[in-house]
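Dear colleague,

Please find the structure below, handed over for your records.

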Amino acid sequence: MPNNTKKRLMFFNGKFLPEDEIKIPPTAHALHYGTACFEGIRAYYSEKDKNLFVFRLEDHYKRFFYSCKTLFIKLPYSSKKIAELTVELLQKNYSETDIYIRPLAFKSDPAVGNFNLPTLESSLLIYTVPLGRYLNTEKGIKANISSWMRVPDNAIPPRGKIAGAYVNTALAKTESLQNGFDECIMLDRFGHIAEGSAENFFMIKNGVVITPPMYDDILVGITRGTVILVCEKELGLKVVERSIARAEVYSADEVFVVGTGAEVTPVVEIDKHEVGDGKIGPITAKIKELYFKMVHNEVPGYSKFLTKVSSK
Ligand SMILES: Cc1ncc(COP(=O)(O)O)c(C=O)c1O
């Protein structure tokens, strides 16, 4: 938790405020119609360096601006300025723990029946919350292929983090949990593997790393990009971005999912089929280890991905 004696602050429409001073109208458009977009960013506390490191802050904000553009939300900040405000917020709420950062831009106008996006006022909220592991990265997880199709690009573009599209996520994840799985893997409209509820999908077959391409209705994940880099540059592995058929995953040697929240999480079972021998695969284990080192500033050459936040 942030310092218990201090009230956690949030950034809301230009001000740093305690949560109980932030008023969002019950009539806000986004609450009724899902007209919001957001990011999920992690900051890691390094015991060695005694400070926080935000991972790929500018890349997250680049995607945030893309999502905003999709919804005709114009923020009164440059991506550099919003990154600076985020660092300031982390300093104000400083605690020696891993933190999740959630920027949210939303249509705040009380506009029943108005679907003309450029005419609606927008608001910006950024808050931070301590967050440990989101999925079981140690033991791995059991997934199912969802009966819910991933929302297609020409319905709600999954390459932006558009709030309304996360109803699709919630339905798929709920189905998985109710059926005793840890996570869902959704197919796209053509029956190809798209992604998990909040993760991109990777499989390994005969030493080659395979992941769905950006046109298969996925969010083009920042962790996905990092993992591709780690595989190619650090582990000398071949990475292929191509469509994956459902049944291919049943004969994969290794499967893992990646995301800011999920980090690198091995998948040990899909639809009751063991992945490989049902244990965490050796390549997955190496990728996971390197990823965790990288976000903690322990891999030379990658400090460019890290924004240092020291306590004031
Ligand atoms: C649907 C979806 N796919 C993939 C990801 C992973 O993206 P990233 O690595 O940028 O966090 C997320 C999480 O943000 C997500 O919500």
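Predicted model: local features only at pLDDT ≥ 70, side-chain atom pairs only at ≥ 80, totals over all residues.

Residues are numbered from 1 along each chain as its sequence is written, and side-chain values use heavy atoms, with hydrogens and water left out.

Salt bridges

The whole structure holds 22 salt bridges (a side-chain nitrogen of Lys or Arg within 4 Å of a carboxyl oxygen of Asp or Glu). One of them joins K50 to E47, with 3.2 Å from N to O. In another, the closest N and O atoms of D49 and K48 are 3.5 Å apart. Here D49 is partly exposed at 29% relative accessibility, whereas K48 is exposed at 56%.

E138 and K288 also form a salt bridge, at 4.0 Å from N to O. This pair links distant parts of the chain, 150 residues apart: E138 sits in the loop between β7 (122–130) and β8 (141–149), and K288 in helix α6 (residues 282–295). Helices (H or I, at least four residues) and strands (E, at least two) are DSSP runs, numbered from the N terminus. E138 is exposed at 60% relative accessibility, but K288 is buried at 13%. Finally, salt bridges connect R42, D98, R133 and E263 in a network.

The largest pocket

The largest pocket has a volume of about 370 Å³. On a 1 Å grid over the protein atoms alone, a pocket is an open set of points where a 1.4 Å probe fits, with protein on both sides within 12 Å along at least five of seven lines; lining residues have an atom within 4 Å of a point. The volume is the space filled by probe spheres set on the points, which are joined across faces, edges and corners.

Its lining comprises 28 residues, with Y100, K161, A198, T260 and G261 nearest the centre. α5 gives the largest share, three residues. By class, the lining has ten nonpolar, ten polar and eight charged residues (Ala, Val, Leu, Ile, Met, Phe, Trp, Tyr, Cys and Pro count as nonpolar, Asp, Glu, Lys and Arg as charged, and the others, Gly among them, as polar). The largest pocket lies between domain 1 (9–130) and domain 2 (141–295), because both give residues to its lining; the domain bounds come from an automatic or database domain assignment.

With kind regards

Key
Buried < 20%, exposed > 50% of the residue type's maximum accessible area, 1.4 Å probe, protein only.
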